[in-house]
Amino acid sequence: MDIFALLDLLHDRYVAEYESAYHEMLGQYEDVAPELSFEISGGVYKRLYTVDFFRRKGEDMGVIEVMPSQSAFSGDAVVRYNDMTITFGSVTWDAMRIEPHPVPAELVGLEAWFDHWTDLDATRRTEGEVTGKVIHSLGIYDGAIELDFGTAPVQAAIEFLDLLRDSGVEEVRVSSSRQ
């Protein structure tokens, strides 16, 4: 399997479950707002986190996160991309743990990539569509990066891999960030 086919599989399965959850919630709540971004304390890059859905029924309000029923990809695959070796384990689009080797001192271009794919100005949102084509969160930890690609297109993942390579990464291990 090539990298594009694998990323397409992960993306398409997640977005199908995401859209299904949205349509199911429409019958249960007065208001359902997809992909709202919040500033939160600690843990995620720039303290920004995008929830899957904010829902309201009368005075009852809350956040709903879509949890895929299983890993979209549940085997091991090794692919080559942009002079990097990328090993995929069990993973879903919304819960990727990325372990780069060597670990770069700095991720070149990260801020511009993040700002573009969080799209706080909603420049990619199309009226009437459920998805805003945005990432939901990015966490940088000791030796690992955790990414929820949300409803962002495959291009966001490809650009992130390019960013890793531009930062000197030669090998990447991708697994689930879900415990």
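**View 1. Three strands, β1-β2-β3, form an open sheet with antiparallel pairing.** This is a predicted model, where local features need pLDDT of at least 70 and side-chain atom pairs count only at pLDDT 80 or more, while totals for chains, interfaces and linings use all residues. Residues are numbered from 1 along each chain as its sequence is written, and side-chain values use heavy atoms, with hydrogens and water left out. Strands (E, at least two residues) and helices (H or I, at least four) are DSSP runs numbered from the N terminus, and two strands pair if DSSP finds at least two bridges between them. At the edges are β1 (31-39) and β3 (60-64), each of which pairs on one side only. On average, neighbouring strands of this sheet are turned by 35° against each other, direction ignored; axes here are lines fitted to C-alpha atoms, for helices over the stretch in contact, and angles run from 0 to 180 degrees between N-to-C directions. Eight bridges join β1 and β2 in the antiparallel sense, and Ala 33 stands opposite Phe 54 in β2.

**View 2. A second open sheet has six strands in the order β4-β5-β9-β6-β8-β7, with mixed pairing.** Its edge strands are β4 (77-81) and β7, each pairing on one side only. Neighbouring strands here are turned by 20° against each other on average, direction ignored. Helix α1 (residues 3-26) packs on this sheet and touches β4, β5 and β6 (96-101), where contact means heavy atoms within 4.5 Å. The direction of α1 makes about 35° with that of β5. Look also for β5 (residues 84-88) beside β9 (residues 171-176): they pair in the parallel sense over four bridges, with Val 172 of β9 as the bridge partner of Ile 86.

**View 3. Helix α2 (residues 110-118) has buried residues at Leu 110, Trp 113, Phe 114, Trp 117 and Thr 118.** Buried means under 20% relative accessible area, exposed over 50%, and partly exposed in between (1.4 Å probe, protein chains only). These residues lie on the same side of α2 because they cover an arc of only 115° around the axis, taken from the directions from the helix axis to the C-beta atoms. Their cover includes β2 (48-57), β7 (137-141), β8 (144-148) and α3 (154-166). After α2 comes Asp 119, with a positive phi near 45°.

**View 4. The largest pocket holds about 270 Å³ of space.** On a 1 Å grid over the protein atoms alone, a pocket is an open set of points with protein on both sides within 12 Å along at least five of seven lines, a cavity is a set where a 1.4 Å probe fits but cannot get out, and lining residues have an atom within 4 Å of a point. Grid points are joined across faces, edges and corners, and a volume is the space filled by probe spheres set on the points. Of the 18 lining residues, Tyr 49, Asp 94, Ser 137, Asp 148 and Ser 177 lie nearest the pocket centre. β7 gives the most to this lining, with four residues. Ser 137 sits in β7 and counts as buried at 11% relative accessibility. Beyond its neighbours within four places in sequence, Ser 137 is in contact with Val 44, Tyr 49, Glu 146, Leu 147 and Asp 148.

**View 5. The largest cavity has a volume of about 70 Å³.** Its lining residues include Leu 7, Phe 88, Met 96, Phe 149 and Val 174. The largest share of the lining, three residues, comes from α3.
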